[in-house]
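Here is a short report on one protein model.

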Amino acid sequence: MFENKDLEERVILFCVDLDNGEDVEVNLDELEELVKTAGATVVGRLIQKKDGVDKATYIGSGKTIELKEMVEELDATGVVCDDELSPMQLKNLEEIVDTKIMDRTMVILDIFAGRATTREGKIQVELAQLKYRSSRLIGMRSSLSRLGGGIGTRGPGEKKLEIDRRIIRDRISQLQRELEDVKNHRDVMRKQRMAGDLPIVSIVGYTNAGKSTLLNHLTDAGVLEEDKLFATLDPTSRNLKLLNGQEIIITDTVGFIRKLPHHLINAFRSTLEEAKYADIILHVVDVSNPQADNHIITVYETLDSLGVENKIIITALNKIDKVEELPIIKDFKADAIVNIAAKKEIGFDKLMETLANEINKCRKYVEKLISYNDAGIINKIRKSGTLLSEEYREDGIFIKAYVDSSFNI
């Protein structure tokens, strides 16, 4: 989807190691996955151990020269920083290294530009791109003009670099108005779902944890599944009938990632906030990833930044078929933990049983005699609640059930 056969981008990754720890290699591994997803090939890495980031060139003058030599030696077409570069750093690096300069934010924005398919998604991505690039036009203009395509030029970005800041500001204002209209529509749709008495479950998780695969295998949603970061971007909602007959609405969300650009968080806030209005958070974790514990921390930090709190959380430890021994996962915020393998539909019965049990904890238990004239209420309970038993008597139908607290019976 992202590959351009006429242009093979060969890039070098670079970063500053502030903590003198092992995490730097893990971070670069993730950056390499991002770069691959965007269609480029990683040909080298450069790590600078420093107590602080250099304000002028990020990695310091000596390492900048070394980076330039690596570019020439490895025949690289660009370099990618694991952090977001300032306009000054971007400009100075471009002048010294004399190649295309990119950073982590630019790569993520580029991936999002290729993944967006709906009107809302395209507006959100363009808005995030323009806000990011508007302050970096001087540094990026010469850098991106070196190559006719590749990372950083997908979506509306390339042509926007040829216009001035005033026009960009006007375009940002227009996009914000359009996004507000879309947000209002989303709010209406959300209120309709919430008014429908069906519990809402929001799937969240680190990118590539298997959220879309889980939604597809539970509901036949037909969402794109790929073993790539941010395989799906636009949220999808589907109805799901649990084993006890209870119907729920289950919604997929965009994957989270370390250092998710704040421009994207702001632009995608209405989409990400689907979790804020859910009754239950279904947190999918890839247990086959050695960084699973860190991914859990990132997800909760993102949820906190969105104001998602006081929710029932079910953590689904996914891809258990890929590990010989299940690792010890520390998720102290989870109300329940279930082991699954979404692609093979392992553990689905237990997952749906857990969903039903946790939903019932939010509800009121009722025992009531319903007259035969009001028997239609029972069908409503079957759909939006949990009907435990029904006993037909001469004077009516005696039921035991869990119903929503607002359900009048």
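The sections below take these topics in turn.

## Basis

This is a predicted model: local features need pLDDT of at least 70, side-chain atom pairs count only at pLDDT 80 or more, and totals for chains, interfaces and linings use all residues. Residues are numbered from 1 along each chain as its sequence is written, and side-chain values use heavy atoms, with hydrogens and water left out.

## Aromatic pairs

A pair of aromatic rings is described by the distance of the centres and the angle of the planes. Here, rings of Phe, Tyr and Trp (its six-membered ring) pair if their centres lie within 6.5 Å; planes under 30 degrees apart count as stacked, over 60 as edge-to-face and the rest as tilted. A search of the whole structure finds 3 such pairs. One of them joins phenylalanine 14 and tyrosine 58: the centres are 6.0 Å apart and the planes stand at 75°, so this pair is edge-to-face. It links distant parts of the chain, 44 residues apart. Phenylalanine 14 lies in strand S1 (residues 10-17), and tyrosine 58 in the loop between strand S2 (41-49) and helix H2 (61-74). Helices (H or I, at least four residues) and strands (E, at least two) are DSSP runs, numbered from the N terminus.

How buried are the two rings' residues? Phenylalanine 14 has a relative accessible area of 0% and tyrosine 58 has 2%. Both count as buried. Buried means under 20% relative accessible area, exposed over 50%, and partly exposed in between (1.4 Å probe, protein chains only).

Tyrosine 372 and tyrosine 392 form a stacked pair, 6.4 Å centre to centre with 25° between the planes. Tyrosine 372 lies in the loop between strand S11 (364-370) and helix H14 (376-384), and tyrosine 392 in strand S12 (residues 386-393), so the pair ties together parts 20 residues apart in sequence. Tyrosine 372 is partly exposed at 40%. Tyrosine 392 is exposed at 54%.

## A charge over a ring

Arginine 393 lies over the face of phenylalanine 398, 4.3 Å from the ring centre. The test requires NZ of Lys or CZ of Arg within 6 Å of the ring centre and within 35 degrees of the ring normal.

## Lysine 63

Lysine 63 lies in helix H2. Leaving aside residues up to four places away in sequence, lysine 63 touches Leu46, Ile47 and Gln48; contact means heavy atoms within 4.5 Å.

## Helix H9

Helix H9 (residues 211-219) is mostly covered, with 8 of its 9 residues buried. Its cover includes strands S5 (200-205) and S6 (237-241), and helix H13 (348-361). Aspartate 220 follows H9, with a positive phi near 55°.
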